[in-house]
Amino acid sequence: MKHELEHLLQHAVEALKTQGVLDQPLSVQISLERCRDPQHGDFASNLALLLAKPAKLNPRQLAEKIVAEIPFAGLVSKIEIAGPGFINFFINPDSQFEIIKQIHAQGKKFGLSNVGAGQKVQVEFVSANPTGPLHVGHGRGAAYGSAVADLLAAVGFEVEREYYVNDAGRQMDILATSVWLRYLEQCGEVFTFPSNGYRGEYVRKISADLHQRQGKALHKSAAAVLEDIPADEAAGGDKEKHIDALIDRAKTLLGAAGYQQVFQAGLDNILSDIKDDLEEFGVSYQHWFSERQLMDDGSVQQALDRLDAAGYLYKLDGATWFASSRLGDEKDRVVVRDNGQTTYFASDIAYHMHKLDRGFDRIVNIWGADHHGYIPRVKAAMQALGADDTKLQVLLVQFAVLYRGEEKVQMSTRSGEFVTLRQLRNEVGTDACRFFYVMRKSEQHMDFDLKLAASRSNENPVYYVQYAYARICSVLRQLDEKNIGLDTALGLVNLNLLTAEHETAILTTLSKYPEILERAALSYEPHQLISYLRELANQFHSYYNAHQFLVEDNKLCNARLSLIGAVKQVLENTLTLLNITTPESM
């Protein structure tokens, strides 16, 4: 309906261009919003106010000219000019029923559009270091990123979902060394585990598996491992120097091949677990991109060469610096350390160069909110590489805080005492996880109430929405039990019998779905669909409690069944888009 009105306004604008009232090259963005007060109509446009200056006319005078050029349409019963020049549209009451016919005709495709026009978009999300299982914070990024990607695809973008695997660098070396030290414990060695190692139970399981496969082939004595190693923090030393020395010792004692075996055991095990976890959560990717690939194929060096050729690199104190402050960053950044090793940021520059070279029209990165300060340096790098940094959109996701009733659930990541995404799914269910995770704006803090999410009550929003769907299915099952034949065709020609206030409210909400889906997709805000679902479910439950559907009047009965059938279809389309199930009974 909104698009049809926009088309009418566009037709009027083109007519005024032909008449010379508006310049031919003038680019016009049609603006149309729903009216909050029904007395002002159903939709209003400020088009005349926007174009008054280039037309050199009073806004009301221009509004009159626009209205005069709007072609007749049965959709509209009246057009009024209000205030300084707003154009208000009153929808023909009979037209409101068209939405039911449209929903029944389009079915699962109702609401989809092609506003994206096939533009290529890459959405990169989660991308957690493969140093441990996914925790509840990663879960919010997974649900949000997956929903954003699916919404963009629903409105016509060509979407590629990608996970960037940080499988290189110091954190991976700490993981490999932690696995090896636990393996040595399996071999009977006794020593104090480093305070800065990965201490989670999952590390013990990986080392046990490694010990089962390798026996004592990778065994070295604790004395050889710890000889002349700097003291750990608990012994009055420096935990960073302690773990770095242990990493060097592991590489020396195991040799390149042995160390690689340990390294790969940790990486393969954890990455496999992450993939399984996300798949069970309903999140899938077209591409898993390895950071090591960037090093192996020379991409990191190529990116640095391009920055150097553009005059953005310089040497200082033995390190190589990127002059990012010249492009909006707060300070310059090291890309090659004084020991010759490239930094994480150098890999990130190469990664974004790689994305740009793959020809995406838009790049969407979904990061944790703690990465906020990282945005200016990445955009600076894109500019230095000669790219359009406006192609990059970074969406931040705040951490989720778990509560069990009034009690906050404590978590600590390095100690290994954290709630994993898998544990959360097992406790409250995947549907509740996905629903709650995208219920609020991603940049807002989120309190996740475990008791509420697991409850079967109307206070639980996902239960409330799914129950609306199940109730409609229950009504349709009663048709057979009561030997009533469903005649959708009869219902669709008698929709004018739907005059109750509850029915009018539902019709209006159903008609909003395509525009809300489009707005949610273009603004990266899946929570708008959650709000919509709750409103539609609430209206249906009120309707269900106030009216009988299976009435004696066959025409009215089928008209109402056609209406709730449309509600069922829109609930299904929306829940499916958010990867939430639609149970037929609860």
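**Helix packing and one proline**

Author: The axes of helix H2 (residues 47–55) and helix H3 (residues 59–69) come within 8 Å and cross at roughly 110 degrees. Axes are lines fitted to C-alpha atoms, for helices over the stretch in contact, with angles running from 0 to 180 degrees between N-to-C directions. Helices are DSSP runs of H or I, at least four residues, numbered from the N terminus.

Reader: What does that make H2 relative to H3?

Author: Roughly perpendicular, the term for 65 to 115 degrees.

Reader: Which residues make the contact?

Author: Leu47, Ala48, Leu49, Leu51, Ala52 and Ala55 of H2 meet Pro59, Leu62, Ala63 and Ile66 of H3; contact means heavy atoms within 4.5 Å.

Reader: Is this experimental or predicted, and what are the ground rules?

Author: This is a predicted model: local features need pLDDT of at least 70, side-chain atom pairs count only at pLDDT 80 or more, and totals for chains, interfaces and linings use all residues. Residues are numbered from 1 along each chain as its sequence is written, and side-chain values use heavy atoms, leaving out hydrogens and water.

Reader: What does Pro59 touch?

Author: Ala48, Leu49, Ala52, Pro84 and Gly85, not counting residues up to four places away in sequence. Pro59 and Gly85 are 26 residues apart in sequence and 5.1 Å apart in space, C-alpha to C-alpha.

Reader: And how many residues of H6 are buried?

Author: 14 of the 17, so H6 is largely enclosed by the rest of the structure. Just after H6, Gly188 takes a positive phi of about 100 degrees.

Key: Helices (H or I, at least four residues) and strands (E, at least two) are DSSP runs, numbered from the N terminus. Angles under 35 degrees count as roughly parallel, over 145 as roughly antiparallel, 65 to 115 as roughly perpendicular and the rest as oblique. Buried means under 20% relative accessible area, exposed over 50%, partly exposed in between (1.4 Å probe, protein chains only).
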